[in-house]
Amino acid sequence: MKKKDINKKPRVGFFKCVRNTIPIIIGASPGLFALGCVIIVVQSILASAQIYVLEFAFNGVTAISEAGGGAVLDIVLWLAVYAGSFIFATILGQIANRTDTDFMYRAENRQTKQRFDKMAKLAPIIFEDTDRLDDIEKSSAGADSARSLLNTIKQIVLYHIPYFVVTSIYLASRDPWLVASLLMIFLPTLLYQYLVKKIYRDKEDKAAPDRRLSAHYIECSTSEKFFKETRILGGFGYFFRSFHVLWARIMKLDRSVWLKDNWMFFLAELLTFAGKMGVYYMLFRFLLVGRITMGEFAAVFTSVNTIEDKLHQLFYGSFASASRDLPFIENYVRYLDFPENDGMEVELPYEIGIDVRDVSFSYPNTEEPAVRGVTFSVKPRETVAIVGENGSGKSTLIKLLIGYYRPDGGDVKICGWNTKEISFSSVARRLSAVYQRYPHYALTLKENLIIGQYEKESTDENMREACAMAGFSPEEEWLPNGFDTMLSREFDDGVGLSGGQVQRVSIARGFYRDSSIIILDEPTAAIDPIEEARIYGRFAELSRDKTSFIVTHRLGSVRLADRIIMMKDGKIAETGTHDELMAKDGEYKKMFDSQRQWYEDEA
Amino acid sequence: MKKEKKLPELKRGKWRLIDCFLFDFKVSPFGMTVFILTNVLWNALPYLRLFTTASFVDTALSVLRGDSPESAIIFPLVSLFAVFFSSSLLQTLEQTVRDMLKTKVWTVTKEVFFKKQASLKYRYIEDSKTYDLIGRACSEPGGRMYDRGTRVVWMAWRVMFIISLIVTVFAKVWWSGLIAIAAAIPAVVMAVRSGLDDYKTYFEVEKDSRYADRYKSFVMTKDYLEERTTFGYAPYAVKKWREAKLGIDKKNLKTQVRNSRRENIITSLTWVMYGAIMISLAFAVGRGELSAGFFIGFANILNTLRWNIGSGVAWDVRWSAQAKKNLGDLSEFSQLEEQEGALDTPADMSSFNFGKIEFRDVSFKYPGTDRYILKNCSFTINEGEHCAFVGVNGAGKTTITKLLTGLYDEYEGDITIGGKNLRDFTYAEIKGMFSVVFQDFAKYQIPYGDAIKLGDVNRDSDEAVLRVTDEIGLSDALEKLHSGVRTPLGKAAEDGVDLSGGEWQRVAIARALYGNRPVSILDEPTAALDPIAESAVYALFKKVTEGKSAVFITHRLGAARIADRILVIDGGAVAESGSHDELVKAGGIYAEMFSTQKSWYEDAPGEEAVS
């Protein structure tokens, strides 16, 4: 019950973000990417060339109105060029769109593949670190953002910069003073953009906790976890009022921010407006004194809005999206940098013995060690039960034994191999397990089984056998399509399973896998006692020629073990057979008796 | 309850975009009206710009020719500036109005949806299909409602703009108007088609994506970590994901290519239209029917027209098509039935002497399923009695609780409390009758005191909170909280403190205790507890319900023994009923189950000899 300290994660700089993500994306298809780049440059040139075309067209129009006809064909020609260049640009745009989409799909798939591969190389312990978990969860959004950033960079470098350069050259060639007109439009927008971003950032920092809490209030009377209890308690009013008050506060903060934003926007608009006024007046003066022609005047005059649009695109579109993307990319880059499992791949013998020497272990960001100074060894084919209260370190110890976690202190040796030196997958090839937090897969029953060992050929027989071990058959459980029944109502014709059924499927999966070590980590919580007894019975039978572990807090079921290890506060409190431990009259007996008392005849 | 403004009703039935607009209008008539007005003004601006631009250019030309003095430019220049200035002003104004509207619509919509969601019949929550639907319909409802309402106005604006501009062109040079119409109609038709295609593909792909995403989550999320690393199925899942994903990409790309082609045609068409109109206007300039200023002015405004026909309409259509999906969810959501009295606070039933609760031939199957969970189930629970329901998983123990507490009422047969049919009680009365500690009890992340007071929302007594805290054995835990009863629990609040599993459970029981209802129900609390904690919970519950009616639901028979009477549920009905001793003597299902469990704790004959 200590307050968690919020340690900031290391920042990743912009250039690292680019360096570590962009090559993967471009590598998905350098050809398509290059094609996209070429097209965008052409588009940029076409866009900036339009000011030239306009100049000629308008020169023609003024010539007509001065001279009263004659050069109409000229205008038609220039207008045709003008419209034609746009059509060309559009068609190019559509081609770009198509190649870009194709490219993006490929890049996404490549990135995803890379993230998947990375995942396979991560040590499980990384998932116990909440900061890292956050990076993992956001790495998907980060990968999307990295693509979006590449696009933004492409847009800025290959479209906007050439556009502004060409336009500036045009303006400078007509009159150097005209370049100033660009600046007059540019500066206010830049200033506004800078100021506004700061306000929003400050606000988000302030509002985020309130938002989270307000979402919880809604959850408290609408989500499955809370719904029935809140309804029966009549607690809606409480949560609604709490939400109302909090939300009003969030909105008040919101209002103060957008009011400020709108004011600044207005001021920036005024400045831009003044800038434009300056530009128009300058144009008029230049026209009067003959520094520019009528065509130049009209071309610049009509282009002012286009230039403004492009600037807005650059600032409100490109820069804004890049700054939105960057934090996610940081998650992504950090994820790609996670340390990888470095163990050797070794071929373990079929019969597994384990030696544990003075092993200690703490989870990341915790002070209390979960396991401390544990020493024992397990012979091949031995059945060991690990018992103890909740939080006594049973499950952690199991995971240390099989090299899933590596100890902070001491050594675990599996058939002589130190788990610090070999990969977990070396052990996993010999291992099957039913874990306490077994997941449910929205797949067919068949797939639910075969992912236990996909390399093995599945037959009706071996699937049936695994199910029988877990105490069911597709027919008994009313599965309409037998092994091909989809076990999730999310999908067509799928059936929903009860908690007990899900648990049995996961036990069947554990039994489906060929193994020489097997673990049952309290897998029977949702199963009734008679079934539980049967499952343990079958487990004992099955595990006779395997090294096996049972983790449980229900002591009645551990007597079939060759040895019982009683854990308390991360240490081994007692060890021995059931009878030995009962004779000792210690922790184990205390626990056993507390459970047995329910079944004793009336005292 | 405090005085609260009445929330608008969520229309039941089919939702269209226009309904969203009407909803927004109902929420904020003033905001919406001002928003529409600013848009009407906004609509007029391009015309003002056309005229001022024309007069500026023409005057400039005439000054240039020496026909007018230089000072003649002042008025056109000033009016041009005035138009620009009012455009800036209007833009800011519109933004402010929109922000105002947004705040209002967000807040009210969120509350309306919140309320509707909380009032739904419980069966929708347990059915994953409807539960997902609710989740989809209620994600960001405020933002969506606001977007749609304002978008409707914008779309109307676009239509008005296009029509009025074509009319204007028509008035200047009639056959230019015809060109505009000739180009606009096919462009719009094609835009609509593209939008519909998008929509169709989206639907096709959405299902495939859900398929693919499963495999992705198997590889990427922590939930699957242990099995993923042990079974090493990642390559299999990646392969499956890739197959599905490539199929999706292909479908998407196909639609995109087809739509690209259409868009090419649309854009070319609108550019041809633009060029043709400009040329026709150039001829008009040549004939002296149109000034050069107007020509330049038209160059600007027609470009806007071209964009609106070419891209604007396509956008609208695509956006509407995409909105359709969520509108479908919304329509379905709005038609989900509400539970009468769902939100009521419990009535005071503390002095209600119910005598007995009786189930008579009750049969029940979950809505949408065929299997009867309860079949002709009959039993009675007497006031002041401790009853235990036992039975294997899926036997229907928990279902009985759900029927009693009114969560489901689609049962056959009769349930009576004190002779009165359960269906004749108000929901407030039912709530006042039961307190339930569910197996998956709620962990409310609110201040400790509030979490307990929720047990009886009609009473606010810190003293009682401390009393039950003491009784339930949470005093030590409470002392460690930094702000006493005002300390938020869990991690939702920044200064929240998380409790251990056992402590959370005690908070749930303390809540029931604070509620002091005539009947307490304890639903299988032991799944995640170790034996010592398990014994403690049963003993505790027995103690705090002493002298009151209580129902225990369990499959651990040892625990059932503390009850006065045990009811064995089998095959959807009560198979046996009696005290522990009676049932053991009877030698039925209970006796068998009990001896199986007991045998685990008895010394085996062989071992007996050793010890």
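This is a predicted model: local features need pLDDT of at least 70, side-chain atom pairs count only at pLDDT 80 or more; totals for chains, interfaces and linings use all residues.

Biologist: What makes Arg285(A) and Glu70(B) a salt bridge?

Modeller: The rule asks for a side-chain nitrogen of Lys or Arg within 4 Å of a carboxyl oxygen of Asp or Glu. Here the N to O distance is 2.2 Å, so the pair meets the cut-off of within 4 Å. Between chain A and chain B the count is 8 salt bridges, and 37 residue pairs are in polar contact across the interface.

Biologist: Which helix gives the largest share of chain A's side?

Modeller: Helix H7 of chain A, residues 236–288, with 27 residues. By class, that side of chain A has 83 nonpolar, 34 polar and 39 charged residues.

Biologist: How much area do chain A and chain B bury between them?

Modeller: About 15,600 Å², with 64% of it on carbon and sulfur atoms. Chain A puts 156 residues into the contact and chain B 173.

Biologist: Now the sheet in chain B: how do you know that S3 and S8 pair?

Modeller: Two strands need at least two bridges. S3 (386–390) and S8 (549–554) of chain B have 5 bridges, in the parallel sense, so they count as paired. Cys387(B), for one, stands opposite Val551(B) in S8(B).

Biologist: And what is the strand order in the open sheet of 6 strands?

Modeller: In chain B the order is S6-S7-S8-S3-S9-S10, with mixed pairing.

Biologist: Why are S6 and S10 of chain B said to stand at the edges?

Modeller: Each has a single partner strand, so one side of each is left without a neighbour in the sheet.

Key:
Residues are numbered from 1 along each chain as its sequence is written. Chains are lettered from A and ligands numbered from 1 in the order in which they are written. Side-chain values use heavy atoms; hydrogens and water are left out. Helices (H or I, at least four residues) and strands (E, at least two) are DSSP runs, numbered from the N terminus. Contact means heavy atoms within 4.5 Å. Buried area is the accessible area (1.4 Å probe) that two parts lose on being put together, summed over both. A polar contact is a pair of N or O atoms within 3.5 Å; within protein, one must be able to donate a hydrogen and the other to accept it, and residues adjacent in sequence count only if both atoms are side-chain atoms. Ala, Val, Leu, Ile, Met, Phe, Trp, Tyr, Cys and Pro count as nonpolar, Asp, Glu, Lys and Arg as charged, and the others, Gly among them, as polar.
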